[in-house]
Amino acid sequence: MKPVYRNNNQWLPDVFNDFFDTDFMPKTNATAPAINVKESEADYEVEVAAPGMTKEDFNVHLNQEGDLHIKMENHHEEKEQDKKSHYLRREFAYSKFEQTLILPDDVDRNEISAKVSDGVLTVVLPKIKKEEHKVARQINVG
């Protein structure tokens with residue numbers, strides 16, 4: 001099989017495109033990472049898939065409306081590549097992502113925390129602790 005040459009002097013046989021871009025395996029251009037949200041009695045946890053990212057690549061803050069804004073941008077500079085090889089096709093890279101989440105009313109906005117571990121950004125949204133007032137009193141019968 002002869003390689004198919006393209007305008008940019010990179011080759012990739014069309015058979016690869018035909019194999020990967022089908023109804024069974026459509027090619028996606030989405031760069032948004034997956035987000036999970038868990039709820040417990042004490043808090044909500046937002047998990048954002050962020051493989052290869054470090055804490056310096058994130059900006060997590062509350063906006064003027066009190067909503068959670070997550071911005072993720074890869075700040076790593078391109079390193080000198082091996083001159084003996086080059087990519088024929090390069091698709092996986094999260095370069096920039098922004099998401100705003102409207103928070104429930106029961107989130108304690110002063111206690112929100114975030115950390116990055118094992119390729120996952122975890123934002124903990126603690127719930128406001130409800131104080132139970134005991135209403136024990138004597139009722140006079142009139």
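**Entry 1: His69.** I began with His69, which counts as buried because its relative accessibility is 14%, and a residue is called buried when that value is under 20%. I note here that the model I am reading is a predicted one. Looking up where this histidine belongs, I found His69 in strand β4, which covers residues 68–73. I then asked which residues His69 is in contact with once its neighbours within four places in sequence are left aside. The list I wrote down is Asn59, Val60, His61, Glu98, Gln99 and Thr100. Two of these names came back when I turned to polar contacts between side chains: the side chain of His69 is joined to that of Glu98 at 3.1 Å, and it makes another such contact with the side chain of Thr100 at 2.8 Å.

**Entry 2: Asp118.** Next I went to the loop between β6 (113–117) and β7 (120–126), where Asp118 is found. Is Asp118 buried or exposed? I recorded it as exposed, because its relative accessibility is 80% and the cut-off for that word is over 50%. I also checked the backbone and saw that Asp118 has a positive phi of about 50°, although it is not a glycine. I kept this in my notes because most residues other than glycine have a negative phi.

**Entry 3: Rings.** Last, I searched for aromatic pairs, and the count came to zero.

Conventions: Residues numbered from 1 in each chain as written. Predicted model: local features only at pLDDT ≥ 70, side-chain atom pairs only at ≥ 80, totals over all residues. Heavy atoms only, no water. Helix = DSSP H or I, 4+ residues; strand = E, 2+ residues; numbered from the N terminus. Buried < 20%, exposed > 50% of the residue type's maximum accessible area, 1.4 Å probe, protein only. Polar contact = N/O pair within 3.5 Å; in protein donor to acceptor, adjacent residues only side chain to side chain. Contact = heavy atoms within 4.5 Å. Phe/Tyr/Trp six-rings, centres within 6.5 Å; stacked < 30°, edge-to-face > 60°.
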